[in-house]
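Look it over first, then read on.

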Amino acid sequence: MTAELTAAQARRIVLTAQGLGRRPQGEPGTRQLQGVVGRLGQLQIDSVNVCVRAHYMPLFTRLGPYDRGLLDRAGNRAPRRVYEFWGHAACLLDVQLQPTLRFRMEARRERPDGWSLRLLADHPGLVEKVYAQVAERGPLTARQVEHDEQRTRGSWWNWSAVKHACEWLFAVGDLTSAGRNSQFERRYDLPERVLPQAVLATPTPTEEEARLTLARRAAAALGVFTPTWLAEYFYTDRARTSVALDRLVASGEVERVGVRGWSGPAYLWAEAARPRRVRVDALVAPFDPLVFDRARLLEVFGTHYRIGLYTPKADRVHGYYVYLFVMDELIAARVDLKADRRAGALRVQSAWREDGAPEGETAARLAAELRRMADWLGLAGIAVEDRGDLAGALRAVRDVPLPGREVIS
């Protein structure tokens, strides 16, 4: 008989599987960082830096204030714990997943996209020259590679042929990333100079086994899920992920369940914790693993979410770079945040309460979390602008934790 979960039970399972509500006592260190990386598998990278870059925020969401240098060192120095490649998007991935993703590199090599075919046809020998430069002088950004190519002016990407050659070598695994520079440019280098030797020495699994591993990691990270969400987590082929899911069910690692109110069949990671309650106060960034799948977010939490970044200003409802505030098992609010470094303030450009969230409690708990974030970012205060139905209550809050940090009206 198929077990049935309530929607509230499912939400608690998802939050716990994603590592929310488990902040450590004291200052987080490498062990706590590794725990989050192992649990989530990936931290999305994005160039937008309105408040803090995307890959830093999921760790703050789960650990609270931590030293961002921990993540920098995990990706830039030996022993590397994360490496850059394609997960569900451009991500810092658990370095232990590198052998599992080699099939993705080989697929790109065997089936180049149109841009890559034109590059290889129009610039014979360029890829080999770029590789030789990086091998001799790396790590290098694309701009540091010696070449005679001119950038194409007027292009939004502004990619030169050399940049494309670097990206081709990165996509097929001949080069990898040794980290990013202060301009957020990828620094290319040879995998043998970047990745741990134990990872490089790991035999390449078959594509079927690799897809099974990715499905297993995604199932554990999601806790309870639909087949579509499982495939979306690492952006894998849905039909082949469905085959992997059947194997996980057959092995007993995953169970079929029903979730009241969900529109389709659901599955449960058999080892997922099933808490009766959760205590969460967390700001969640737009590309966090909890929310990057907008359809999953809508089904689990009933929250329709658009970042605003890609929407014309006149059409934005909640703001430009909108964070969600998770309060216990609910999405209770959303806030458009900006780090105003010149003024030394975390600027709340708008604050909105979600349906069903209590105004007073939401404002108080959100204010405390905003103060933690401001302190983490080295910002002295919080400036709450008068936009959104929660802005007034948020500005009025004074008696909250973290003394010494004021809400600036």
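Q: In this predicted model, over how many bridges do β3 and strand β4 pair?
A: Strand β4 covers residues 90-94. β3 and β4 pair in the antiparallel sense. Tyr83 stands opposite Leu93 in β4. The number of bridges between β3 and β4 is five.

Q: Which strands stand at the edges of the sheet, each with a single partner strand?
A: The sheet is open and has three strands, in the order β2-β4-β3, with antiparallel pairing. One side of each edge strand has no neighbour in the sheet, because each has a single partner strand. The edge strands are β2 (42-44) and β3 (82-86).

Q: What angle does the direction of helix α2 make with that of β4?
A: Neighbouring strands of the sheet are turned by 30° against each other on average, direction ignored. Helix α2, residues 30-40, packs on this sheet and touches β2, β3 and β4. Its direction and that of β4 make an angle of about 115°.

Q: Which residue in β11 is the bridge partner of Asp281?
A: Strand β10 (residues 281-284) points Asp281 and Leu283 one way, Ala282 and Val284 the other, and all are buried. Four bridges join β10 to β11 (residues 322-327), and the two run antiparallel. In β11, Asp281 has as its bridge partner Met327.

Terms used: Residues are numbered from 1 along each chain as its sequence is written. This is a predicted model: local features need pLDDT of at least 70, side-chain atom pairs count only at pLDDT 80 or more; totals for chains, interfaces and linings use all residues. Side-chain values use heavy atoms; hydrogens and water are left out. Two strands pair if DSSP finds at least two bridges between them. Axes are lines fitted to C-alpha atoms, for helices over the stretch in contact, and angles run from 0 to 180 degrees between N-to-C directions. Contact means heavy atoms within 4.5 Å. Buried means under 20% relative accessible area, exposed over 50%, partly exposed in between (1.4 Å probe, protein chains only).
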